[in-house]
Amino acid sequence: MEDVLLLDRLHFAFTVTFHYIFPQLTMGLTLLLVYLKTKALRTGDEHFNNAARFWAHIFGITFVLGVVTGIPMEFQFGTNWAAFSKSAGGVIGQTLAMEGVFSFFLESAFLGLFLFGEKKLGPIGHWWAGFLVWLGSWLSGYLIVATNGWMQYPTGYSVGPNGEILLSSFWKLLLNRWTAWQYAHTMTGAVQTGCFAMAAVGAFYLLARNYQNYGRTFVKTGVIVGTIAALLQLYPTGDMQGRLITQHQPPTLAAMEGLFKEERGAPLAILGQPDVRNQRLDNPLVIPNMLSFLTYRSWSANVKGLDSFPHDQWPDQIEMLYYSYHLMVGLGTIFIAVMCLAAWYLSRDRLYESRWMLWVLMLSGPLPFIANTAGWITAELGRQPWVIYQLMRTSTGISPHVSEGNVLFTLIGFMGMYTLLSILFLFLIYREIDHGPEPTQ
Amino acid sequence: MGTLWYWLVAFMITTYVLLDGFDLGAGTIQFLVAKTSEERRQVIASIGPVWDGNEVWLIAAGGTLYFAFPSLYASAFSGFYLPLMIVLWLLILRGISIELRNHVGGDVWEPMWDFLFCASSLLLAVFYGAALGNVVRGVPLDASGYFFEPLWTNWRLGEETGILDWYTVLVGVCALAALVMHGAIWLQMKTAGIVSERAGRAAKRAWWGVVSLTVIVTLVTFGVQPQIRMNLSARPWGFLFPVLAIGGLAGVRWNLTRKNEAKTFAASCAYLAGMLICVVFGVYPMVLPARDSVHSLTVANAKAGEYGLKIGLVWWAIGIILVLLYLSIVYRSFAGKVAGEPDSRGQ
């Protein structure tokens, strides 16, 4: 039984982690595409339309991979997590079905027009198509985060006679406080992925002295929007997420921070390896009293450590949770530094000539994918051992009749399939970048 | 309220089959109707802007099923674990074949994706049919409300059924024939020149297959699932649906010989809808019949809470009106036949 639970968890974790590589890029890029299309409309400069077309191609490839890897996600709730679905389907099915009805139809209808209908639609119609694709993808993000937000912080439900969870307030499900901040935090993360990708391609063109005109537009757009997003990622969205966890998931906070013992004026661990068996942090590098301040806005506040909670309330992967959280925060800090520095160079008109800064921007391109992934691992491992926080344990949520052999079989299948998709994706994106934004006549 | 949602989910699944059905069928017969790379490009162009939206009906129907009948979703999806996963892999392969075929071009790249597109479309049609066959035949649900079916056991309709047995494979082949006809009719309508002519001939040939398989499957099904006959005698208005299916088939033949391309397509839709609604009508009030009928999942024991179903109706109605609006925009901008025109990059 233990093995099949682990395999079911890995199955979901693997497929959702791979899937989320693509939506974070498309959700970020679609905002930048609307920006470029708006610029083109207002200046009447064809340069911005070419720039938008180039990114629309990359968007199109990424979107296809997002769609085909996304379909398995909804189905897995039923295939691998049947007991969870049977209990909670009446609640989370609402937001998942709404995602299909309200956002996927919108996206799929207007993406085709956006990618292939520019001539037919004219400039204003094409701007609207782009705008509706943005709306659809951001709405989709909201409804998915609302599903996750409810699992993190369930509200608006009651429990029926057979243990089934019944929806009792639609608006509490949809306008969950947790969801609002988690969504804001997720979306600034996605915008950073888009901005870093755009700036990295721009920096590559400038460094390679190729399509430099476009390189400047990409770097400038990426850096300006990216700086705003990087700052919003930390404050208020990241800060509020942290405080919600402090308030509603205190064992999670303790595990994330590697705080084994309750402490007044708790320090913030920057580095160190949690040793769960001996309940201590090895090789710690800490800022004294900082954790107390961040969580309760008081330098001497008391922060509960893991020792304040019974063992069966502890997240079951403390080390992984600690590392993914620290990786996310560390990278987020680096993003702020990189973007602010680049923005400063930009404001001095020195960015396009500063080769080392362009190198940094180019090499930083893939990092937000890691940060976003680490952030989701933090959210999901932090919720453990619950699939619905304090309501249903993960171990009771799996499909009772699906055996280890079958789960392992399909997990291996997905791994093979997704390896092929990764190779294809990189190959096709490389071709687009190599082809460049100049229109072929 | 449960019965209403039963019909709404059925409506969404039927719409999915009508829409994705034509692109599955088109994929299956593309080598038959399109001999050159340029002709196959036409086939892809005739479904390119819509296939993704068609597939959204599957996702939306799945989501709706999830919140309206959580127990059904949980039982059926975990019980059909392997075929569902295979369907997912096929959907992945098919999606990328359609989208990536025209990205690179050349005599290695294009045939590879064309083959994958054809094979995945064909297998999907058979699997969907077999899935329908499983629902009609009933599955080995136990007292816990769950079951697990291996892909096949002894190919018989005993207690230990598999996903594939002689009956479900028969339904799968019938579904394949029906979607091949549907896809051929779509291609006849949306493409021009030689491709359209070949598609018309393929539709005529497929029609005979569809007629004979429909007769066989219908006769066999009355034996396999007695509930259908009971429902028909209890509610004689249900005879409307077989009549719709037969009328659709007759309409296909009538219009094919007279080259009324749009009417042929409408008739094919009527046939598919009629057949599917026969099943929907026939198994009611069960949503998933069990081999041992005491364990069957019914509308009453599988539905979600009343409040959720009521509030769902509000947003669902608004959502579907919006969807119909988008679809009318998309299909209007995509009206007429596709010529072999180049794609956005001039390739």
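With 12 C-beta neighbours inside 10 Å, B:K310 counts as exposed (a residue is buried if 20 or more other C-beta atoms lie within 10 Å of its own, exposed if 12 or fewer, and partly exposed in between, with C-beta atoms placed from the backbone). B:K310 sits in helix α14 (residues 306-333) of chain B; helices (H or I, at least four residues) and strands (E, at least two) are DSSP runs, numbered from the N terminus.

A word on the model itself. This is a predicted model, in which local features need pLDDT of at least 70 and side-chain atom pairs count only at pLDDT 80 or more, while totals for chains, interfaces and linings use all residues. Residues are numbered from 1 along each chain as its sequence is written, and chains are lettered from A and ligands numbered from 1 in the order in which they are written.

Chain B has 14 helices and two strands. Its radius of gyration is 20 Å, which agrees with the value near 20 Å for a compact globule of 347 residues (the radius is taken over C-alpha atoms, and the globule rule is 2.2 Å times the number of residues to the power 0.38). Along the principal axes, the C-alpha atoms of chain B fill a box of roughly 60 × 40 × 40 Å. Of the 347 residues in chain B, 55% are buried. Among contacts in chain B with a separation of 6 or more, 75% come from residues 24 or more positions apart; two residues are in contact if their C-beta atoms, placed from the backbone, lie within 7 Å.

B:Y6 lies in helix α1 (residues 2-28) of chain B. With 23 C-beta neighbours inside 10 Å, B:Y6 counts as buried. Setting aside residues up to four places away in sequence, B:Y6 touches B:Y284, B:V287 and B:V299.

Helix α9 (residues 193-224) of chain B has 32 residues, which should span 46 Å at 1.5 Å a residue, and its end C-alpha atoms are 45 Å apart, which agrees (the expected span is 1.5 Å times one less than the number of residues). Among the buried residues of α9(B) are B:V195, B:R198, B:A202, B:W207, B:V210, B:V217 and B:T221. An α-helix has 3.6 residues a turn, so residues three or four places apart point the same way. The cover over the buried residues of α9(B) includes α2 (30-33), α3 (37-47), α7 (109-137), α8 (166-190), α10 (227-234) and α11 (240-258) of chain B.

Chain A comes to 13 helices and eight strands. Its radius of gyration is 23 Å, close to the 22 Å that the globule rule gives for 441 residues, so chain A is as compact as a globular protein of that length. The C-alpha atoms of chain A fill a box of roughly 65 × 50 × 40 Å along the principal axes, and 53% of the 441 residues count as buried.

In helix α8 (residues 250-257) of chain A, seven of the eight residues are buried, including A:P251, A:L253 and A:M256. The elements covering them include α7 (212-248), β4, α9 (290-296), α10 (318-347) and α12 (367-383) of chain A. Just after α8(A), A:G258 takes a positive phi of about 70°.

Strand β4 (residues 268-275) of chain A runs antiparallel to strand β5 (residues 280-287) of chain A, and six bridges join them (strands pair if DSSP finds at least two bridges between them). A:D275 stands opposite A:R280 in β5(A). Four residues lie between the strands of this hairpin, where A:Q279 takes a positive phi near 50°.

Where the chains meet, the contact takes 52 residues from chain A and 53 residues from chain B. On the side of chain A that touches chain B, the largest share, 24 residues, comes from α3(A). By class, that side of chain A has 29 nonpolar, 19 polar and four charged residues (Ala, Val, Leu, Ile, Met, Phe, Trp, Tyr, Cys and Pro count as nonpolar, Asp, Glu, Lys and Arg as charged, and the others, Gly among them, as polar).
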